[in-house]
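Student: I have a new model open and would like to get to know it piece by piece. Could you take me through it?

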Amino acid sequence: MAMVSEAKVNGSGVEAPAEVVPALAEKPAGLPPGKYALVGWDMDTTGRRLIDEICQIAAFTPKQTYSQYIMPYGDLNPGARRRHNVRVVTVGRYRMLKDTNTHKILKTKSEISALTDFLDWLEKEKGDGSVILIYHEPRRLSPTMLLEALTRYKLLDRFKTIVAGFADSYALAADKCKSTVKSVSLRVLARVLLDADTLSVDSALDRATAAYRIVEHLAQGEQQEVGAGGEGTTASKDMVETARVWARPVHTELEALANFKKLLERQNTFRPVFAPLLRLARPERKRVTQLRRLLADAGLLYDQLKDAWQEQKLEGLEKQLEALTVSAKEEDIKELIDIFDCHFDPAKEPKGLKPRIPNRTRATSSAGETGEAEGSTSESQKTSTQNSPNKTNNDVTAEPSQNTAPEAVAAN
């Protein structure tokens with residue numbers, strides 16, 4: 001088994017090009033002209049994998065809000081507990097959801113009951129038109145997780161009669177504010193656009209409210225100065241038009257979900273190779289998931305690489321990995337070849353890790369210098385079977401208690 005080189009993890013090697021997040025990969029197709037009701041929306045989940053469960057779903061309009069906590073079957077992973085400040089506790093024979101800030105037990109419903117109530121609420125809001133759900137997320141994961149949950153409970157058909165599409169305020173802000181702010185995270189935009197210096201993003205309702213207000217502000221553009229108090233009771237025509245143009249239809253998100261599932265199936269064929277590497281610290285795990293994603297994006301399968309190595313050894317691996325030359329750097333391909341070569345030939349000595357250097361410190365010395373890598377003592381390594389590194393974090397068929405590599409958070 002080959003180790004992942006620390007140079008690329010900590011930035012001491014050649015810097016990789018900035019990743020294009022899914023929200024910015026392509027401009028939304030938009031929705032046809034019509035009558036639309038705008039609703040700010042967000043969710044808290046037990047993790048950031050497709051199989052994870054919803055633990056809070058919330059929606060916002062200027063007239064009213066909807067918020068409901070959900071009792072998940074599995075526990076929240078460590079990252080989700082920190083993000084949302086809730087955790088599952090057992091009191092006697094009963095499992096409950098507890099707010100870690102107030103230490104109060106939260107009133108919850110089952111996932112199917114909460115989703116049904118959510119659809120009832122949206123149906124009242126849509127009137128004689130359709131709903132556009134506004135959210136703020138760089139990775140477009142929330143819509144796919146919602147659609148997966150609705151499919152699981154056979155509520156998707158009803159959802160499609162109510163909701164026309166999803167509008168990501170992240171993509172809108174990245175386009176409108178690219179010359180004025182460096183980051184378009186929810187906190188930064190709330191501070192710059194809404195004068196909200198102390199916005200809390202722990203709760204799905206807070207994020208839904210902020211996403212709605214950000215679109216409302218950006219839609220008005222330069223017509224008038226808007227502060228935190230410039231909020232209307234209904235969406236203006238400019239706001240509806242902006243959300244319509246920047247929305248993705250539900251069928252587009254369903255196609256993305258289907259493609260994502262296929263990618264996960266390809267990715268999970270590499271479990272024999274990458275599962276041991278996911279026992280490493282967080283920076284190395286992040287690097288491993290990047291390499292694994294390169295293989296899946298290229299359409300490669302574990303059996304293809306295995307057959308190539310058995311027939312032509314190293315040369316066969318190099319020929320198969322030529323498909324990565326467009327999307328991967330030369331260093332990535334060399335590292336993958338080394339990982340697979342050592343995996344298929346256990347007699348070969350794996351390459352050792354370089355001395356650990358903090359991410360914020362520039363690497364200026366040789367192998368004699370040591371340091372502590374950021375994230376090397378992450379909580380995800382301290383937890384029990386929920387964070388077992390033997391399981392891939394994006395496994396569609398895995399149990400909800402599994403988790404390994406870190407995922408992108410819903411709020412920034």
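Tutor: Let us begin with a term we will need: a residue is called buried when its relative accessible area is under 20%, exposed when that area is over 50%, and partly exposed in between. Please keep in mind throughout that this is a predicted model.

Student: Okay, what is the chain built from, and how much of it is buried?

Tutor: The chain holds 15 helices and 10 strands, and of its 412 residues, 51% are buried. Among contacts with a separation of 6 or more, 70% are between residues 24 or more positions apart.

Student: Which residues of H10 are buried?

Tutor: In H10, the buried residues are Met239, Val240, Thr242, Ala243 and Arg244.

Student: And what do they pack against?

Tutor: Their partners are strand E1 (36-45), E8, strand E9 (163-168), helix H7 (169-176), H9 and strand E10 (247-249).

Student: Arg244 is charged, so what does its side chain meet?

Tutor: The side chain of Arg244 meets that of Glu241 in a salt bridge, with 2.6 Å from N to O. Because the two are three residues apart in helix H10 (residues 237-245), about one helical turn separates them. Arg244 counts as buried because its relative accessibility is 13%, which is under 20%, whereas Glu241, at 40%, is partly exposed.

Student: Why can side chains like that pair up at all?

Tutor: Side chains of opposite charge can pair when their charged atoms come close.

Student: How many salt bridges are there?

Tutor: The count comes to 20 salt bridges. One of them joins Glu253 and Arg140, whose closest N and O atoms are 3.3 Å apart. That pair links distant parts of the chain, since Glu253 lies in helix H11 (residues 250-268) and Arg140 in the loop between strand E8 (130-135) and helix H5 (141-152), 113 residues apart.

Student: Are those two buried or exposed?

Tutor: Glu253 is buried, with a relative accessible area of 0%, and Arg140 is buried as well, with a value of 11%.

Student: What about Lys109, which residue does it pair with?

Tutor: Lys109 forms a salt bridge with Asp117, and their closest N and O atoms are 2.3 Å apart. Here Lys109 is partly exposed, at 34% relative accessibility, and Asp117 is partly exposed too, at 24%.

Student: Which residues are linked with Arg207?

Tutor: Arg207 is linked with Asp42 and Asp44 in a network of salt bridges.

Student: Changing topic, how do H8 and H9 pack?

Tutor: Helix H8 (residues 186-194) and helix H9 (residues 204-220) pack at an angle of about 50°, with their axes 10 Å apart, which means that H8 is oblique to H9. The crossing in which H8 passes H9 is left-handed.

Student: Which residues meet there?

Tutor: From H8 come Leu186, Leu189, Leu193 and Leu194, and they meet Arg207, Ala210, Ala211, Arg213, Ile214, His217 and Leu218 in H9. By class, that contact has eight nonpolar, one polar and two charged residues.

Key
Residues are numbered from 1 along each chain as its sequence is written. This is a predicted model: local features need pLDDT of at least 70, side-chain atom pairs count only at pLDDT 80 or more; totals for chains, interfaces and linings use all residues. Side-chain values use heavy atoms; hydrogens and water are left out. A salt bridge is a side-chain nitrogen of Lys or Arg within 4 Å of a carboxyl oxygen of Asp or Glu. Buried means under 20% relative accessible area, exposed over 50%, partly exposed in between (1.4 Å probe, protein chains only). Helices (H or I, at least four residues) and strands (E, at least two) are DSSP runs, numbered from the N terminus. Axes are lines fitted to C-alpha atoms, for helices over the stretch in contact, and angles run from 0 to 180 degrees between N-to-C directions. Angles under 35 degrees count as roughly parallel, over 145 as roughly antiparallel, 65 to 115 as roughly perpendicular and the rest as oblique. A crossing is left-handed if the near helix is turned anticlockwise from the far one by less than a right angle, and right-handed if clockwise. Contact means heavy atoms within 4.5 Å. Ala, Val, Leu, Ile, Met, Phe, Trp, Tyr, Cys and Pro count as nonpolar, Asp, Glu, Lys and Arg as charged, and the others, Gly among them, as polar.
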